[in-house]
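Here is a short briefing to read alongside the model. Have the sequence and the coordinates open, and let's walk through them together.

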Amino acid sequence: MKPFVMITQTVAPAAIEMLTSICAILPRVSVSGGGTSQDDDLLQVASRADALLMASPERIDAALLRRFPRLRVVACAYRQPQAVDFHACTNRGIWITNIDT
């Protein structure tokens, strides 16, 4: 079974094509919040995600990580992943990586 990946921002179609050969892409939902309906969507998608691909520096903290029970890796497609709580990820055994774009 392919791992499930949630992508937080729009990425190039070529990247999506490459990813779909090795994983299942979940519907894109913002992790920034923004209302009850959006929070419900996030909970539904996050509960299935094995990986999170972030294309912008959205805040990833312990509270948000609790919504991702299966999460094993956070991939950041920007230079400095300061918005990621390294301590919270480490405590959960979640790997953090930077994708050179």
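What percentage of the contacts in the protein chain with a separation of 6 or more is accounted for by residues 24 or more positions apart? The share is 35%, where contact means heavy atoms within 4.5 Å. This is a predicted model, in which local features need pLDDT of at least 70 and side-chain atom pairs count only at pLDDT 80 or more, while totals for chains, interfaces and linings use all residues. Residues are numbered from 1 along each chain as its sequence is written, and side-chain values use heavy atoms, with hydrogens and water left out.

**Overall layout**

- The protein chain has four helices and five strands, taken as DSSP runs numbered from the N terminus (helices: H or I, at least four residues; strands: E, at least two).
- Starting at the N terminus, the elements follow the pattern β-α-β-α-β-α-β-α-β.
- The chain holds 101 residues, and 37% of them count as buried; buried means under 20% relative accessible area, exposed over 50%, and partly exposed in between (1.4 Å probe, protein chains only).

- Five strands form an open sheet in the order β2-β1-β3-β4-β5, and their pairing is parallel; two strands pair if DSSP finds at least two bridges between them.
- At the edges sit β2 (24-25) and β5 (95-98), each of which pairs on one side only.
- The parallel strands β1 and β2 are joined by two bridges, and F4 stands opposite A24 in β2.
- Four bridges link β3 with β4, again in parallel, and here M54 faces C76 in β4.
- Another parallel pair, β4 and β5, is joined by four bridges; A75 has T97 in β5 as its bridge partner.
- In a regular strand the side chains alternate between the two faces of the sheet.

**The nonpolar cores**

- The largest nonpolar core has 23 residues, and M6, F68, V74 and V84 touch the most other members; such a core is a set of buried Ala, Val, Leu, Ile, Met, Phe, Trp, Tyr and Cys residues joined through side-chain atoms within 4.5 Å.
- Two or more residues of this core come from each of β1 (4-7), α2 (36-46), β3 (51-54), α3 (62-65), β4 (73-76) and α4 (86-92).
- The largest share, three residues, is given by α2.
- Setting aside residues up to four places away in sequence, V74 touches L52, M54, V84, C89, I94, W95, I96 and T97.
- There is also a second, separate core of eight residues, with V5, I7, A51 and A75 among them.

**Cysteines**

- A disulfide is a covalent bond between the sulfur atoms of two cysteines.
- With a disulfide taken as a pair of cysteine sulfur atoms within 2.5 Å, the count is zero.
- The cysteine sulfur closest to that of C89 belongs to C76 and is 8.4 Å away, so it is too far for a bond.
- C89 counts as buried because its relative accessibility is 0%.
- C23 is buried as well, at 5% relative accessibility.

**Two loop residues worth a look**

- D50 lies in the loop between α2 and β3, and it counts as buried because its relative accessible area is 16%.
- Although D50 and R70 are 20 residues apart in sequence, their C-alpha atoms are 5.2 Å apart in space.
- Beyond its neighbours within four places in sequence, D50 is in contact with P3, F4, R70, L71, R72 and V73.
- A77 lies in the loop between β4 and α4, and at 19% relative accessibility A77 counts as buried.
- A77 and A55 are 22 residues apart along the chain, with 4.8 Å between their C-alpha atoms.
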